Protein chains: 2
Amino acid sequence: MALQPASKADYGAASLGLNVTRDLAAFLARFRYADLPEAAIHEARRSVLDWIGCALAGCRHPTLDRLLPVLEALSGKPQASVFGRGLRLGLLEAALANGQAGHVLDYDDTHMGGVVLHASSPILAAVLALAERDGCDGRTLICAMVAGFEAGVRAGQSAPDHHDGGWHLTGTLGSIAAGAACAKLLALDAQQTAYALGIAATQAAGMQQHRGTMCKSFHAGKAASNGVLAALLAQGGFDSSQETIEGKRGFARIYSRTAMPEAVLDRLGERWEITRNGHKPYACGVVLHPILDAMVALGERRALAPADIAKVEARVHEMAVRITGLGDPATGLQSKFSIYHAAAVAYLDRAAAVAQFTDARAAAPDVLALRGKIEVTVDPDFAKDEAAAVVVTASGERTVAHIPHASGTVANPMSDGAIENKFFANTTQTVGAERARQIAAMIWKLDKLDDVRDLIKLCG
Amino acid sequence: MALQPASKADYGAASLGLNVTRDLAAFLARFRYADLPEAAIHEARRSVLDWIGCALAGCRHPTLDRLLPVLEALSGKPQASVFGRGLRLGLLEAALANGQAGHVLDYDDTHMGGVVLHASSPILAAVLALAERDGCDGRTLICAMVAGFEAGVRAGQSAPDHHDGGWHLTGTLGSIAAGAACAKLLALDAQQTAYALGIAATQAAGMQQHRGTMCKSFHAGKAASNGVLAALLAQGGFDSSQETIEGKRGFARIYSRTAMPEAVLDRLGERWEITRNGHKPYACGVVLHPILDAMVALGERRALAPADIAKVEARVHEMAVRITGLGDPATGLQSKFSIYHAAAVAYLDRAAAVAQFTDARAAAPDVLALRGKIEVTVDPDFAKDEAAAVVVTASGERTVAHIPHASGTVANPMSDGAIENKFFANTTQTVGAERARQIAAMIWKLDKLDDVRDLIKLCG
């Protein structure tokens with residue numbers, strides 16, 4: 001029996017001597033609109049436009065028809081709008097609903113900085129709920145968005161194995177992003193912001209297990225709601241650990257097998273994470289986008305009927321198979337996780353928008369006929385945004401397409417015009433062409449907007 | 001370049017061929033009050049009594065004074081009572097507040113089945129909110145509690161490294177427990193119950209990093225709120241993965257480095273987890289209880305002033321140091337994580353109840369004088385519920401106490417009378433002696449109660 005003397009420093013939540021969370025919080029509380037480069041401001045405009053389009057397209061999804069009656073029964077104080085539904089709920093419920101609507105079509109923006117975070121769904125669903133209650137100008141909204149991107153993406157960089165561990169980052173990092181964004185909108189001080197980060201991070205959840213179910217987009221909504229609650233509690237004097245990200249039992253260490261907490265502070269104030277945001281030309285996970293570019297290109301070159309095709313040889317990065325390798329999707333939600341379905345509809349329809357991932361399209365005879373002929377191989381030399389496809393006819397004729405960088409990535413971004421076209425396609429049916437044009441015009445001048453509630457009124 | 005052919009089975013959320021979550025859900029939906037052994041029913045009575053006492057003692061804690069104004073501003077529809085505050089909030093807000101109040105004093109029950117879960121705070125805060133809205137009899141409440149214990153504890157058993165990984169199990173497992181309990185209260189069918197487990201688990205969060213801050217008890221409240229939302233969504237037709245616990249990217253695998261999903265089903269229906277619940281004679285973590293038994297015994301034997309004591313030699317299990325090794329607690333909340341503070345007050349006051357863990361007592365001169373003389377060593381041969389202490393006087397006289405099994409454990413349980421005495425001590429100040437007696441009498445006959453709202457009325 002060897003007795004071991006105890007150290008008094010060995011406290012459950014002991015400090016490791018880093019100041020990562022406090023330094024991040026101080027930065028978030030301190031920066032001003034005038035500090036932002038034009039690239040960050042313009043990307044905020046693009047992201048608001050794209051995200052509101054996604055939310056207005058998603059708001060009538062069957063998932064929302066299940067969610068909203070439950071939230072209505074719970075919510076008594078109408079404080080914020082559910083976009084496109086003519087409905088107002090409490091702040092937490094509206095944030096949840098809009099976050100879910102923004103993500104349900106898998107069409108919302110995706111960060112390209114090594115962290116697979118769909119940041120705008122949790123961030124904007126959260127801050128727009130608060131903005132509707134309190135009012136704020138466009139520049140305050142832009143600062144809040146920027147703060148959310150910084151906190152969410154950088155927390156993700158502190159936890160390199162976070163995605164591989166099975167987490168859905170839009171739930172986990174989304175909570176932190178939404179909490180930071182709301183803290184900025186509420187103009188919390190550095191200490192309160194550190195607490196808001198702590199309260200947000202300790203609600204962070206969402207498993208990849210739920211891909212293809214209603215829970216996937218619920219993660220985005222819940223993250224938004226968690227963020228609103230975190231910032232309001234911090235404003236109300238609620239505290240948390242000061243070392244939420246870097247502590248011994250903090251975010252980086254418990255949500256990842258390796259931890260790099262100091263990465264949070266890397267080039268803070270120089271590299272603005274929002275400038276590395278990407279947008280989706282297709283309504284499914286970004287890992288599918290390069291092969292969809294290839295299939296659309298092949299379909300546009302020569303549209304064969306499935307019966308005339310012997311096989312399609314698809315070559316992709318391994319993630320496209322690992323995340324979206326489902327062979328026989330039965331529903332629209334599941335079809336977003338099937339490279340076979342997605343490649344088939346992209347060829348047949350020369351598109352992979354909302355209409356290509358419905359229950360009906362997942363069961364359509366032409367799609368089933370073609371998806372059975374698609375053979376997928378992993379090319380270990382391919383980058384994540386790279387793919388190639390060959391259509392082989394019955395007579396053995398081969399047509400080839402190779403995509404070095406998928407559209408919508410930082411290397412091959414969607415133009416402002418393409419984002420605006422996507423917005424109109426997403427919104428015209430819900431709000432009408434005239435109101436869609438008004439919304440777009442207002443967002444392109446977001447930094448000049450005196451009261452964000454004018455924008456929200458058009459979206460309600 | 002070696003191309004790798006992809007398997008169509010390699011779907012992100014692929015099945016592993018187990019039916020753990022579905023089988024658990026089917027069991028939870030199926031069992032009836034008549035299936036329960038008397039030991040489970042009686043432990044439900046004891047747990048309700050003890051927990052309501054903790055909530056009524058905790059409801060005036062400063063943490064609640066920060067929480068409640070924020071929740072009141074968010075909540076518009078008064079549906080459920082915040083115990084002891086004369087306040088009604090929405091279901092989610094009331095569940096959050098009562099869950100936090102039940103746990104804030106670290107005085108609530110602790111499961112003794114290898115999973116450190118304070119189950120009643122999330123479970124009862126959740127189901128009592130629903131019971132107040134809908135009404136139900138005492139037997140339905142007991143069944144809901146039993147279901148919550150089964151799901152929460154068994155999910156924990158599927159993830160053996162979950163606690164060591166840094167998670168606060170009352171937040172994580174508490175969400176699952178609360179979701180299962182609410183599903184049972186709402187009489188959801190097997191399929192809906194599986195979804196409720198999925199929606200609850202995908203909100204599961206809470207880091208140990210926040211020990212000693214307001215977030216620790218927030219985890220219990222948030223778990224309760226998550227569980228209510230999960231069950232209501234499942235009732236409303238919301239879906240989730242069917243393999244939430246055992247799936248490739250499910251609970252057991254992402255919340256733990258080793259996974260034993262099949263443990264969930266071990267002796268299901270034979271071993272009722274609620275029968276292994278423990279109760280706290282002291283208002284702090286169970287890892288401290290054996291040394292507190294020793295210090296109380298020493299203080300009762302001979303109460304020396306700190307000046308007359310040369311040193312105290314404390315020997316404990318390593319967890320007591322790892323979790324509660326803080327040397328210099330500055331606040332009442334922190335003092336619960338200081339074996340030095342706790343051992344000192346237990347000796348001086350012959351108690352370690354709520355009054356021993358206040359900001360004032362953490363700064364009291366007699367406590368500071370004695371805690372500086374306490375030397376802690378880890379004894380690798382000690383069980384978790386074992387400790388020894390020696391008080392050494394200035395003249396070298398040694399008084400020894402050895403505790404083989406701490407009070408409040410399964411091996412040395414608190415008697416019904418001791419639990420009732422703790423309840424009266426916890427509640428008399430908040431609700432008065434007469435009402436406290438009425439509440440206790442009603443809970444001892446919980447299985448005969450026609451409408452749980454009669455009980456809730458007495459606690460509001």
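A residue is buried if 20 or more other C-beta atoms lie within 10 Å of its own, exposed if 12 or fewer, and partly exposed in between, with C-beta atoms placed from the backbone. This is a predicted model, in which local features need pLDDT of at least 70 and side-chain atom pairs count only at pLDDT 80 or more, while totals for chains, interfaces and linings use all residues. Residues are numbered from 1 along each chain as its sequence is written, and chains are lettered from A and ligands numbered from 1 in the order in which they are written.

View 1. Helices (H or I, at least four residues) and strands (E, at least two) are DSSP runs, numbered from the N terminus. A:Ile374, A:Val376 and A:Val378 form the covered face of β7(A). A:Glu375 and A:Thr377 form the uncovered one. In a regular strand, side chains alternate between the two faces of the sheet. Two strands pair if DSSP finds at least two bridges between them. β7(A) pairs with β6 (residues 309-316) of chain A in the parallel sense, over five bridges. Opposite A:Val378 in β7(A) stands A:Val316.

**View 2. The contact between chains A and B.** Two residues are in contact if their C-beta atoms, placed from the backbone, lie within 7 Å. Each chain is represented: 76 residues from chain A and 76 residues from chain B. On the chain A side, the elements that give two or more residues include α3 (62-74), α4 (91-103), α8 (190-201) and β7 (374-378). The largest share, six residues, comes from α9(A). By type, the chain A side divides into 33 nonpolar, 29 polar and 14 charged residues. Here Ala, Val, Leu, Ile, Met, Phe, Trp, Tyr, Cys and Pro count as nonpolar, Asp, Glu, Lys and Arg as charged, and the others, Gly among them, as polar.

**View 3. The rotation that relates the chains.** A rotation of 180 degrees, with 0.0 Å of shift along its axis, superposes chain A on chain B (RMSD 0.0 Å). The two copies are therefore related as by a two-fold rotation axis. Superposition is by least squares on the C-alpha atoms of residues with pLDDT of at least 70 in both copies. Of the chain A residues, A:Gly76 comes closest to the axis, its C-alpha at 2.0 Å. The same surface serves both copies, as 100% of the contact residues of chain A recur in chain B.

View 4. A nonpolar core is a set of buried Ala, Val, Leu, Ile, Met, Phe, Trp, Tyr and Cys residues joined through C-beta atoms within 7 Å. The largest one has 323 residues, of which A:Val228, A:Ala343, B:Val228 and B:Ala343 touch the most other members. Leaving aside neighbours within four places in sequence, B:Ala343 is in contact with B:Ile291, B:Leu292, B:Met295, B:Val312, B:Ala314 and B:Ile374. Helix α11 (residues 289-301) of chain B has 13 residues. From first C-alpha to last, α11(B) reaches 18 Å, close to the 18 Å expected at 1.5 Å a residue. That expected span is 1.5 Å times one less than the number of residues. Buried residues of α11(B) include B:His289, B:Pro290, B:Asp293 and B:Leu298. The buried residues of α11(B) pack against β6 (309-316), α12 (318-324), α14 (339-349), β8 (387-393) and β9 (398-403) of chain B.

View 5. A:Ala194 lies in helix α8 of chain A. A:Ala194 is buried because 29 other C-beta atoms lie within 10 Å. Beyond neighbours within four places in sequence, A:Ala194 is in contact with A:Thr21, A:Arg22, A:Ala25 and A:Gln242. The C-alpha atoms of A:Ala194 and A:Ala26 are 7.8 Å apart, across 168 residues of chain. A:Leu49 lies in helix α2 (residues 38-58) of chain A. A:Leu49 counts as buried, with 23 C-beta neighbours inside 10 Å. A:Leu49 and A:Trp444 are 395 residues apart along the chain, yet their C-alpha atoms are separated by 7.9 Å.

View 6. Most residues other than glycine have a negative phi. A:Asp106 has a positive phi of about 50 degrees. A:Asp106 lies in the loop between α4 and β4 (110-111) of chain A, and counts as buried with 24 C-beta neighbours inside 10 Å. B:Ala187 has a positive phi near 55 degrees. B:Ala187 is in the loop between α7 (169-185) and α8 (190-201) of chain B, and is partly exposed, with 14 other C-beta atoms within 10 Å. B:Asp35 lies in the loop between α1 (20-30) and α2 (38-58) of chain B. B:Asp35 counts as exposed because its C-beta neighbours inside 10 Å number 12.
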